[in-house]
Amino acid sequence: MGELVSTQLWHRVRLLGNLLGQTMVQQHGEEFLNKEEEIRLLAKSRRQNENVDPQKLQQVLAQLDDDYLISIARAFNQFLNLYNIAEQAEAGEIEDMRFPETSNLADLFAKLQSKGIEKSKIAETIKKMRCDLVLTAHPTEITRRTLIQKYGRIARVLSNVNENEPLRQSEQTELERLIAEVWYTDEIPTERPTPREEAIWGYAWIEHSFWTAIPKLWEGLDSLLQQHTGQSMTLDIAPVKVSSWMGGDRDGNPNVTAEVTADVLRLARWMAADLYLRDIEELRAQLSMSQCTEDFRLRYAEASDEPYKVVLRDLRAKLTATRLWAEGSDPPNENLILYRDDLYAPLHACYESLKSCGMGIIADGLLKQTLIRVSTFGVTLVDLDIRQNADRHIDLLDELTRFLEIGSYREWSEKARNDFLLQELNTKRPLIPEGWEPQGNASEVLKTFRLIAEGNAEGISSYIISMAKNPSDVLAVVLLLQKCGLERKLPVVPLFETLEDLENAAWTLERLLRTEWYTNYVEGYQQVMIGYSDSAKDAGQMAAAWAQYGAQEELVLVANKYHVDLTLFHGRGGAAGRGGTPPRQAVLSQPPGSVNSSTRVTEQGEMIRFKYGSAPLALNNLDLILSATIEASLLPPPEPMENWRSLMDRLSDIACRSYRKTVQDPNFVEYFVEGTPERELALLALGSRPARRSDDPNNRRSNAGATSFLNDLRAIPWVFAWTQKRLMIPAWLGTDAAFSSDLSGKEWFVIKEMIREWPFFQSQLDMLEMVLAKADIEISERYDNVLVSPDLKAMGDKFREQLTKLTASVNKIKGQDELLEKLPEIKRTLELRHPYTDPLHFLQIELISRHRHGDGEHNENVKKALLVTIAGIAAGMRSTG
């Protein structure tokens, strides 16, 4: 298939494709396979300009009945999924085989050495490194969990497939069986997952990927550290942590209640105990030696010939009791493993004793890996973020102040709110009357605060405030936590999401930190979250990206002014319109000083599977993220030049005004709804969270107007719908106006300078180029021809004209003749997917038309086939929202 795709990858892809074809023939016969091949070849010929009538493919599909369309759609969908499996398996294997000798971390250490960075500074930075990946339940994972598990098993068998060796019969049979299981399983979930089920899905990635990958990453990093600096990490250091929003994110999701969060927290403890039990059982078989230090014997095993087994036997009993306790609702007792040190201390004592007795080679095996796991995952497996909208806290306090007859908190000014909050924070008297219960949503908010306090926030990492705008939004949460009885100082994290809030973020933080009470409360540490999705939907990608960059710079300055360590938490999605950027590039393109040995970033939906779907794949991506975080801390990017800033100010202003003018046009919303599968996406049971913020599902464009419609629509379906149509508007609209404006020769020179020397601008252009490469003018026009009203088609024509001009501008800036000219491997990968993705687009257009007209809305076969095309296109694009 071409020298740019490895022969090993193509060998595996052909094997999986042939086995899928055999399975389809067994069910539908040779005629079906021939029809599928005819469609594929028509799509391929259309791409290659072989004088094929573009109507031919549509005509062939239009002649197929509904049942046949389902099977055709499933065939192309499953091939794309199998292609993804082969591609991911190869990426993971390459990293796993060479780690850490030729890893990104190894390259970084060599770079640090060549730059003359002091060994002591390298060691100090790495020892305080904190890179936190936060798994979210945002509904962008379209594939059924049942199928994800089957894909995982296919990937494991595929790792034994070598182009130079014949496939063993047992492996051939296993692959045939697994592909048959995939083919005969419906790929579309019929019911939305509950928050508990989402949490179980998240914990499965811990078990199957992170549990193995993180100890290997830790040991590789420590080996490189010793090699280059002569220093080692202690086992209580955890450079990478994993947190979760699954079961904790209640912003706009009424299904996440305090009861659900309590259940998820116990479930995490059950899973942690279960995983540690497996390690303990294996360690009991390994640590059979009798020699130990005198201190160890006196403390743990005075009269035993197998002292280590005494410790392990006790831990096994306590972990078993913990697992049993976590299944119920009884209060904890002293025979449980409830805190990290309950597990770490006795295991570390075993480790130190073995080392002291000359058995370091034994200590540095599974025992060391288990200690790394305890340092990383604790006894709660993943710490949970609680997230709630700032307005919910205002509602609760308003109801409370009205009950206390001291006024309406909602109607108070920001100064009055701050005065009240600080007054209450400085007093020990109760604020919430005993027995008082608020009404409606406020009741659930109060139950959540009480739940956090009851467990003293064990298993909870922070409290995120969505749509934070003022200092009172943060102080309100601190007050409610304290007055509900929380003794621990839980990090309270404002999330700045809109363009206006990003621009005011530093001022909000400054007003907080100049308050003496709050500065004492945070004890020199503050976390702030940057929202990527809503800011891009609010102002367009270019303006949002520049506002995010500026906000980070200003936040760093404020934090430094008040001698506070700042951790920036990046709420990125997988798609470009939601901040999606390759992980290494994302970290290295942040402002200098913004990555100071710590970062947090969300990993959402299908991106969790693409990045961490197996232990080798997880190791690959963890290596990328950790090395980039260390590099950004020790070798920060340059400060942008003043002329760069001036030009970005001008370009982003043009982009924002153009974007908002377009999306506020009433015809734009009509075009969006008619020309994309936006309303059909509602048929997908993607996640527990509703697709819209409004409680009223009928709050459509006719009632609310264009602006309200888009504000109510979440960022995920907004990006998802445009991606399905291949117009990709969220990632480029507005940017086209900026680059097509009257740029002077001097400004073009500055742009060339920016792309050479400024990682932020490089990252933005690279991301834009990738989006444009995935966009498809002809396919988007096909959607318009069939689905859009005649009076709206001019809008689509205008977008395609803008897209063409923007592509030319990007090529001019990058000094190339065509997109991805300097990335031929990626270009070839996209081209290989076209013959399988294109038919799904044509199918989708046909099915949307059937669904919206006649009795299609009530035809379950049409619905099912339509949903399969959505899943297939998402697999082909490797992106939903």
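Is F403 buried, partly exposed or exposed, and why?

Mentor: This is a predicted model. F403 has a relative accessibility of 47%. Buried would need a value under 20%, and exposed a value over 50%, so F403 counts as partly exposed. F403 belongs to helix α16, which covers residues 390-403. On the surface, F403 forms a nonpolar patch with L404 and I406, and together they have about 260 Å² of accessible area.

Next comes G407, which sits in the loop between α16 and α17 (414-425). G407 counts as partly exposed because its relative accessibility is 31%. Setting aside neighbours within four places in sequence, G407 is in contact with T401, R402 and W412.

For contrast, take a buried residue. R74, in helix α4 (residues 66-98), counts as buried because its relative accessibility is 7%. Leaving out residues up to four places away in sequence, R74 touches V182, W183, Y184, T185, E187 and V868.

Of the 18 residues in α40, 14 are buried. At the start of this helix, a side-chain oxygen of N859 comes within 2.9 Å of the backbone nitrogen of N861. Just after α40, R878 has a positive phi of about 50°.

Charged pairs are the last topic. Side chains of opposite charge can pair when their charged atoms come close. The whole structure has 55 salt bridges. One of them joins R373 to D279, with the closest N and O atoms 2.8 Å apart. This pair links distant parts of the chain, since R373 is in helix α15 (residues 366-377) and D279 in helix α10 (residues 258-286), 94 residues apart. Both R373 and D279 are buried.

Another salt bridge is between R153 and E181, whose closest N and O atoms are 3.4 Å apart. R153 lies in helix α7 (residues 145-158) and E181 in helix α8 (residues 169-183), so this pair ties together parts that are 28 residues apart in sequence. R153 is partly exposed at 31% relative accessibility, and E181 is partly exposed at 27%.

D132 and R130 also meet in a salt bridge, at 3.5 Å from N to O. D132 counts as buried at 1% relative accessibility, whereas R130 is partly exposed at 36%. R130 and D132 are linked with D385 and R600 in a network of salt bridges.

Terms used
Residues numbered from 1 in each chain as written. Predicted model: local features only at pLDDT ≥ 70, side-chain atom pairs only at ≥ 80, totals over all residues. Heavy atoms only, no water. Buried < 20%, exposed > 50% of the residue type's maximum accessible area, 1.4 Å probe, protein only. Helix = DSSP H or I, 4+ residues; strand = E, 2+ residues; numbered from the N terminus. Polar contact = N/O pair within 3.5 Å; in protein donor to acceptor, adjacent residues only side chain to side chain. Patch = residues over 30% accessible without salt bridge, like charges linked within 9 Å, V, L, I, M, F, W, Y side chains within 5 Å. Areas by Shrake-Rupley, 256 points an atom, 1.4 Å probe, with all protein chains shown as cover. Salt bridge = Lys/Arg side-chain N within 4 Å of Asp/Glu carboxyl O. Contact = heavy atoms within 4.5 Å.
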